[in-house]
Amino acid sequence: MLRRPFFWIITAVVAIFAILPVLGNNVDLRESLIIAALYITLASNLNLMLGYAGYINFGSIVFFGLGGYICVWLVSAQRWPLDASLLTAGACVSILALVFGLGILRLRGAFFALATIGINEAVQAFVENFGPWGGSSGIYLSQTIFDPLGGAAQALWAIYFLMVLVMGLSLYLSYAIKASKFGMGLLAIGQNENVAAILGVPTPLYKALVYSASAFLPAIAGGLYFLKSSFIQPSDAFDLTLSTEVIVIVMLGGQGTVTGVALGAYLYEDLRGYLLTSETFSHFQLVVAGVLLLLIVQFFPGGLMGFIYRQFPRTQKVLE
Amino acid sequence: MLGILASIIDGLLVGLVYGLGAMGLTLIWGVMDVINLTHGAMMVAGMFALYLLTDAFGLSPYAVLPPALIGGFFAGILLYWIAIHRMIGRPPLMSLLSTFSVNLVLIGIGTAVWGTALFNVSVSVPGLSIGRYTFPGAHILAAVLAAVIAWLLYLFLHHTRLGKAIRAVANNREAAELVAIPTTRVLAVSVGIGVALAAVSGALIGTLFPFTVLSGDGYQLKGFVVTVLGGLGNPVGALLGGLALGLLEGLVAPFVPVSWTLVIEFTLFVLVLIAFPRGIFSSRRGAL
């Protein structure tokens, strides 16, 4: 692992993310980079399902939202320390995903996609009705939770570094899985599930495992994100726009590639910044995302990395 | 006890309308193995057609059904050429993503124009009173109309040349092509019919309940539950699935707040998918 150039590329990217805003104490840059880090985290974990195993997960935002809720609830109602809450949120969501995945992932392709759309609706409906989590009005955090970290300003920096760490771990995880036997099995499932099963890939188990693995880091990212905003409500936690943007990012960058997804996230973050500030497009964010996705799916299913691989075949050896 | 019975009957009436919408979803799946993720958005389009036409021209809500059917048909043909045609024969992932992206565009336009405000179309049809209970006239009329449209679809599929061609393509596309059925045109027409059914069931639901631009997601989920109950690709099963879902909604309505029904329905959906992956009412594949 340590001798592969790609490992060091990831490390360099993480280091740049960590160092850039510290130089000159640039808070604006930090705020935009934390969103980019969040996008990269969500997109690379979705890519484990969509790009490797060829299974679309329309409900990946559930991991983010549930993780946020569990973490915020543990901090506010149970007075847990922040680090323990974050890890517990990740573990809980991951275990839930494993249990759910073992049941639902025996289903093939389209049926699984239907189930993931359903889980989004159902979990949101559940949270809106669930009293201890504040129902549809959500949970507010008091600023005193940040006292152990030395106040809110310090805490925002700590949250930023943790988010960058989570992003780095997501990229390493994507890479490590792709380089492993497990990853080979997943890619085989993505190519042809029947053949994979005949060749001895335990397909239901692998699918459930990758579903669960793709839940852990997004749940922690959700916890970090909602600790940062000190407020969580169902419409933010299970935001339709965010969940679709993540799919667009994976397809834009190139499904199944680690670099492409990170690149796609970064590009989309730029595009979104432009859309939000533009008079004409600020209301049509979903429309633009939809048109972009339609064009990619119809004409460039390989995404950006597909294009780069074709133009510069040598990059395939270095960039995963 | 009687209250529960009344609630069940009302549930069955609404269930017929769900079944009609789900027939559109299942028809498209049966013919070309594509799950139409614009289904919910097309239902909402039907609801808004109902709202705009009754509001602007003072039409009776039921006079809106023919324009909804025709408009839905052409929207469906357009949808086929924009999003589905190039995806036929590619992995299911691709057609899911491409219909999903059209859905995003529709929802995006809807929220930009109308926001997420609640809309309501008032319908005055005298109800039917039995003892202490009154069944709303709108519910009865919607159920009857849904049943009539479903029956017309059945006649169309079994007794017209085009309908038989659709069933032939659903059974075996290559063989249909060999006997000179223009399969591409048949696929486009099937999507047209599927979307028309979604739009008209949306318009019918608009006469029953208030709606927003985002209502489509919930109804789309109901559509999935219904089709999975009935077996994907089986229109008659979809109607039975709709009745089953209506029965369930009627049964739980007296005991559980309405906002929980989606959670219950989803749980049911998962259980049915795991226990009966081919559907409860499905006899065989290609039963169109």
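This is a predicted model: local features need pLDDT of at least 70, side-chain atom pairs count only at pLDDT 80 or more; totals for chains, interfaces and linings use all residues.
Read from the N terminus, the elements of chain B follow the order α-α-α-α-β-β-α-α-α-α-α-α-α, which amounts to 11 helices and 2 strands.

The C-alpha trace of chain B extends over about 60 × 45 × 35 Å along its principal axes. Chain B has a radius of gyration of 18 Å, and this agrees with the value near 19 Å that would apply to a compact globule, because the comparison is made for 288 residues. Of these 288 residues of chain B, 53% count as buried. Among the contacts in chain B with a separation of 6 or more, 78% are made by residues 24 or more positions apart.

Turning to the contact between the chains, chain A contributes 34 residues and chain B contributes 33 residues. On the side of chain A that touches chain B, the elements that give two or more residues are helix 4 (82-104), helix 5 (109-129), helix 11 (240-253) and helix 13 (285-299) of chain A. Helix 5 of chain A gives the most to this side, with 15 residues. The make-up by class of the side of chain A that touches chain B is set out below.

| Class, side of chain A that touches chain B | Count |
|---|---|
| Nonpolar | 23 residues |
| Polar | 9 residues |

Note on methods: Residues are numbered from 1 along each chain as its sequence is written. Chains are lettered from A and ligands numbered from 1 in the order in which they are written. Two residues are in contact if their C-beta atoms, placed from the backbone, lie within 7 Å. Helices (H or I, at least four residues) and strands (E, at least two) are DSSP runs, numbered from the N terminus. Ala, Val, Leu, Ile, Met, Phe, Trp, Tyr, Cys and Pro count as nonpolar, Asp, Glu, Lys and Arg as charged, and the others, Gly among them, as polar. The radius of gyration is taken over C-alpha atoms; the globule rule is 2.2 Å times the number of residues to the power 0.38. A residue is buried if 20 or more other C-beta atoms lie within 10 Å of its own, exposed if 12 or fewer, and partly exposed in between; C-beta atoms are placed from the backbone.
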